[in-house]
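Welcome, and thanks for taking a look. Here is a short briefing to read alongside the model.

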Amino acid sequence: MSHREPFVPLAITGLGCLFPGKPGNRGFWNTVLQGIDQIRDIPADRWKPADHFDPDPARRDMVYAARGAFLSPVSFSPAEYGITPASLEATDTAQLLGLHVARLALLDAGYAALPRDPGKPLPKDRASVIVGVTMGKRIPEHIVKYVAAALFIASGVWLIAATLMGGEA
């Protein structure tokens, strides 16, 4: 006879995302529903296609696409999350974006992710944030403690769900 873990109620209480186009969850869905194509030429402030483009996909260390979908700039203050300048230098931008989107998910759920945020206090003993993005990296522990019990970067896109396990929200 197999042992089964007891069922623990789980509720997805908030979502946060970063996608090209209109900001936020509603902006993303409006972009999809309106059929807006977000593929465009590479913005001049990102990188110079002439330095990295080659139409031959087999050419090493080059890209063979001169267009893409790009995020708008994100306002982010590392100090609010307890990230020191020394740590920031070694922190991948994808991790910082993940932290920002985790905050958006918690705000969407009605919780204060940071002391300055509106919302009720986050019950950290019953909450987690599930993160999906590319590259298979783990967000450093010094960042995790500022938003919830567990943050992981797995495969997918920046779509984050704040979850609350058991009890009342």
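Is E80 partly exposed or buried? E80 is partly exposed, with a relative accessible area of 27%; buried means under 20%, exposed over 50%, and partly exposed in between (1.4 Å probe, protein chains only). This is a predicted model, in which local features need pLDDT of at least 70 and side-chain atom pairs count only at pLDDT 80 or more, while totals for chains, interfaces and linings use all residues. Residues are numbered from 1 along each chain as its sequence is written, and side-chain values use heavy atoms, with hydrogens and water left out.

**Salt bridges**

- Side chains of opposite charge can pair when their charged atoms come close.
- The structure holds five salt bridges, each defined as a side-chain nitrogen of Lys or Arg within 4 Å of a carboxyl oxygen of Asp or Glu.
- One of them joins R116 to E80, with the closest N and O atoms 2.1 Å apart.
- That pair links distant parts of the chain, 36 residues apart: R116 is in the loop between strand 4 (111–112) and strand 5 (120–121), and E80 is in the loop between strand 3 (67–68) and helix 3 (85–89).
- Helices (H or I, at least four residues) and strands (E, at least two) are DSSP runs, numbered from the N terminus.
- R116 counts as exposed, at 52% relative accessibility.
- R103 and D117 also meet through their side chains in a salt bridge (2.6 Å, N to O).
- R103 sits in helix 4 (residues 93–108) and D117 in the loop between strand 4 and strand 5, so this pair ties together parts 14 residues apart in sequence.
- Both R103 and D117 are buried.
- D45 and R46 form a salt bridge too, their closest N and O atoms being 3.8 Å apart.
- D45 is exposed at 61% relative accessible area, whereas R46 is partly exposed at 36%.

**Surface patch**

- W29, V32 and L33 form a nonpolar patch on the surface, with about 360 Å² of accessible area together.
- Patches take residues with over 30% relative accessible area and no salt bridge; nonpolar side chains (Val, Leu, Ile, Met, Phe, Trp, Tyr) are joined within 5 Å, like charges within 9 Å.
- Accessible areas come from the Shrake-Rupley method with a 1.4 Å probe; for residues, only the protein chains shown count as cover.
- L33 belongs to helix 1 (residues 24–33) and is exposed, with a relative accessible area of 69%.
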